[in-house]
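Me: I am new to this structure. Please take me through one part of it closely.

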Amino acid sequence: MSNQIMIKCFVDALGIPQETVEDYLEYNSIPQWDSVAHMQLVAALEEAFDIMLDTDDIIDMSSVAKARQILTKYDVAF
Amino acid sequence: MLLSEQVAIITGATRGIGLSIAKLFIAQGAIVYINGRDEKKVLTIVEQLNKENERAKPLIFDVSDERCVKEAFQQFYKQTKKLDILVNNAGVLDDALIGMVKKDQIERTFAINTFGALYTSQYAIRLMSRKKSGAIINISSIIANTGNSGQAVYSGSKAALIGITKSLAKEVAHLNIRVNAVTPGFIDTDMARSIPETMFQERVDSIKMKRIGHPDEVAGCVLFLASALSSYVTGQIIGVDGGMLI
């Protein structure tokens, strides 16, 4: 469930198809995942999981896999 | 009321301009989080403000400590889930001629006056961006524009706020978050009253309106920038100085 929610956040914030949201997808590796979209992604994740991320975690969120790893720090179960 | 049910955080709100802004915001229907470092002082002010209603709440943290800001905003988020207005008012004035300025003075002044506003803005913008609405008002100073002997550090820290204001205004305008600054002139606060009497009179004489300003007069301008009255105003630096700088 959490994984689906996270993927939806990526789809909505970056405007990319669901099938492209793979673990290896990295920040700045596609034009859609730039710094502006990254902040929209953060807002979407915070809203969806009702959390507030540390600035360091926002900067560290460099891939889909890393996003999942960071979210677990905030008690999001995958 | 101009700020009905709006949620605001005001840093350095236990006295002077910050307190005046808090009182005016509450009178205009806002729920105001009173920030300060001194827990006792903050709680006393909140108690006083809540005599008429329950719209003041404490938010105790040191703006110059990024970790404290983060924890405070996380606590704030758990309580309220929304933020409409941030007023970056916390500031210190520690004058010295340039040859006598200590490194600690420089670091402390910039940490409170400048870095603090950046830290709070980081978290505030993230909260505001969720509902694509918000207003940030930075309290700079007339000295940021004019400079003053013995105030290289203070003026530098306040001038930086002007650059921050304009940059953030450009960065977050698409999120419908407005960022503006106020540059108060000579305002009747503890800070103004701490200068020698002759200098005090010289300052008053240099004001076109020939009087010192009242903190409430700064608060009025901040209210304008925080409310929907200024819904199409962003990136502006507004002087509240009785014509001291024209």
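Where is the place of B:Ile60 in chain B? Please go on from there to the contact of chain B with chain A.

Reply: B:Ile60 sits in strand β3 of chain B, residues 56-60. Strands (E, at least two residues) and helices (H or I, at least four) are DSSP runs, numbered from the N terminus. This is a predicted model; local features need pLDDT of at least 70, side-chain atom pairs count only at pLDDT 80 or more, and totals for chains, interfaces and linings use all residues. Residues are numbered from 1 along each chain as its sequence is written, with chains lettered from A and ligands numbered from 1 in the order in which they are written.

B:Ile60 counts as partly exposed because it has 19 C-beta neighbours inside 10 Å. (Buried takes 20 or more, exposed 12 or fewer, partly exposed is in between; C-beta atoms are placed from the backbone.) Beyond its neighbours within four places in sequence, B:Ile60 is in contact (C-beta atoms within 7 Å) with B:Gly36, B:Glu39 and B:Val42. B:Lys170 lies 110 residues from B:Ile60 in sequence and 30 Å away in space, C-alpha to C-alpha.

Now the contact between the chains. Chain B gives eight residues and chain A gives seven. On the side of chain B, α3 (66-80) and α4 (103-130) each give two or more residues.

Take one helix pair. The axes of α2(A), residues 35-49, and α4(B) come within 10 Å and cross at roughly 75°. (Axes are lines fitted to C-alpha atoms over the stretch in contact; angles run from 0 to 180 degrees between N-to-C directions.) So α2(A) is roughly perpendicular (65 to 115 degrees) to α4(B). A:Val42, A:Ala43, A:Glu46 and A:Glu47 meet B:Arg126, B:Ser129 and B:Arg130 there.

Note on methods. Contact = placed C-beta atoms within 7 Å. Parallel < 35°, antiparallel > 145°, perpendicular 65-115°, else oblique.
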